[in-house]
Amino acid sequence: MQCRVAVALLLALTVGGFLILVDGHNPFEAYKVLFFDSFLNYWGFSNTLVKASPMLLAGLAVIIPMRAGVFNIGGEGQIYIGGLFGAVFALAVPDLPAGLGVPSVFLASAMGGAFWAAIPAYLKAYRGTNEVIVTLLMNYVAIHIVSYAVAGPLLADGAPYPYSGEVAEAYRLPIVMPRSDAHAGFVFGLAMALILYFWLRFTPSGFQLDLVGRNARAATYAGVDEKKTIIRAMLIGGSLAGMAGAIEVIGLKYRLFHLFSDGYGYDGIVVAFLAALNPVVAPLTALFLAGLSAGAGAMQRAIGVDSSVIEVVEGLVVVFVAAALVEPRKASKSILRKLLRGGLFGRPKQSKEKKV
């Protein structure tokens, strides 16, 4: 599985290289600048870590429900509601000790994201509603709720742009790279990825969730409650996305802004696909995608390649990886067997008449 994903990734980069060549630039030079600035330059790598932190949690928010057979396309909305809950808590209770501030904001944001995910989870489990449509449409509702909050009740005094007041020092994530914006959000996401990996692999509840995703009928026969498992998976996914919203508020901006998420909920879908739904691989795929985004500007400045090419490459990554993850269908196998035996397009065999 991982090998097929790697091949798909190389194909996507190759096609992207052809697009750069058609644009009149050297693709090898462009990719060299892109990856050097993203991973080998101090300031560029700090920018990569900043972008990878919410991407990683958003990717995990997609992986866990998908392991249960549920498509959580609502990570973006859950990020917004999580950020809203975290910001409201930090502004309402500004005097917590430093050791309690950050965990409390994460907890509040996780509750916000879980609350937003609970709605499509209930509709999917008990009403059979398509979770893709519900989660996708709820993204826009969440964005407008946050826009109303920062332009109205949470609007900072004298703010020229819709944003809230600044959170206290006790609620801010520590910086991991001096003189940069790189905070401890990625370390937190890495810890969550490892915890989820061991939970899925070594605990009964994790095995039950995975079993529902692989074969719901077999899980029901084994006594697993499919509906409760779906709701549990969506609540975990929503809480993870909500904490991604907290990272943006207390790790980077220190305020709740209008449109504060740069599409990280949708990037999480790409992270999950690239990781082949493996939580322990998600940090690597989040770093890769964040590196593409962080290095796009440097590539444009140094080579002249439009940064929109990177968006095309990300789209190609989704297409190729999705194609790589499709398992061969039984019908295709049967057609292949017929073709090899000559019974599909060849002349039909004449039945021998019995002699009287």
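What follows is a short chat about how to read this predicted model.

Me: Before we start, what kind of model is this, and how are its residues numbered?

Reply: It is a predicted model, in which local features need pLDDT of at least 70, side-chain atom pairs count only at pLDDT 80 or more, and totals for chains, interfaces and linings use all residues. Residues are numbered from 1 along each chain as its sequence is written, and side-chain values use heavy atoms, with hydrogens and water left out.

Me: What is pLDDT, and what is its mean for the protein chain?

Reply: pLDDT is the predictor's confidence in each residue, from 0 to 100. Here the mean for the protein chain is 87, and 90% of the residues reach 70 or more. Residues 328-336 stay under 50, and the model gives them two contacts (heavy atoms within 4.5 Å) beyond four places in sequence. The pLDDT is also below 50 over residues 343-356, a stretch with five contacts beyond near neighbours in sequence.

Me: How many helices and strands does the protein chain have?

Reply: Helices (H or I, at least four residues) and strands (E, at least two) are DSSP runs, numbered from the N terminus. The protein chain comes to 14 helices and zero strands. Its C-alpha atoms fill a box of roughly 105 × 60 × 35 Å along the principal axes.

Me: How do I read the angle between two helices, say α8 and α10?

Reply: Axes are lines fitted to C-alpha atoms, for helices over the stretch in contact, and angles run from 0 to 180 degrees between N-to-C directions. Under 35 degrees counts as roughly parallel, over 145 as roughly antiparallel, 65 to 115 as roughly perpendicular, and the rest as oblique. Helix α8 (residues 204-214) and helix α10 (residues 226-253) pack at about 105°, with their axes 10 Å apart, so they are roughly perpendicular. Ser205, Gln208, Leu209 and Val212 of α8 meet Glu226, Thr229, Arg232 and Ala233 of α10.

Me: What classes of residue make up that contact of α8 with α10?

Reply: For the classes, Ala, Val, Leu, Ile, Met, Phe, Trp, Tyr, Cys and Pro count as nonpolar, Asp, Glu, Lys and Arg as charged, and the others, Gly among them, as polar. The contact of α8 with α10 has three nonpolar, three polar and two charged residues.

Me: And at what angle do α2 and α3 pack?

Reply: Helix α2 (residues 27-40) and α3 pack at about 80°, with axes 5 Å apart, so this pair is roughly perpendicular too. Asp37, Ser38, Phe39 and Leu40 of α2 make the contact with Tyr42, Gly44, Phe45 and Thr48 of α3. By class, that gives four nonpolar, three polar and one charged residues.

Me: What share of the protein chain is buried?

Reply: Buried means under 20% relative accessible area, exposed over 50%, and partly exposed in between (1.4 Å probe, protein chains only). Of the 356 residues in the protein chain, 49% are buried. Pro54 in helix α3 is one of them, with a relative accessible area of 0%. Leaving aside neighbours within four places in sequence, Pro54 is in contact with Ala244, Ile247, Glu248 and Tyr264.

Me: Which residues touch the most other members of the largest nonpolar core?

Reply: A nonpolar core is a set of buried Ala, Val, Leu, Ile, Met, Phe, Trp, Tyr and Cys residues joined through side-chain atoms within 4.5 Å. The largest one has 93 residues, and Leu60, Leu240, Leu256 and Leu274 touch the most other members. Helix α3 (residues 42-67) gives the largest share of this core, twelve residues. A second, separate core of six residues includes Ala117, Ala125, Ile230 and Met234.

Me: Where is Lys124, and is it buried or partly exposed?

Reply: Lys124 lies in helix α5 (residues 98-127) and is partly exposed, at 26% relative accessible area. Not counting residues up to four places away in sequence, Lys124 touches Thr129, Glu131 and Ile230.

Me: Which way does the phi of Arg179 go, positive or negative?

Reply: Arg179 has a positive phi, near 60°, in a residue other than glycine. Arg179 sits in the loop between α6 (131-151) and α7 (185-202) and is exposed, at 69% relative accessible area. Leu259 is not a glycine either, and its phi is positive, about 55°. Leu259 is found in the loop between α10 and α11 (264-274) and counts as partly exposed, at 46%.
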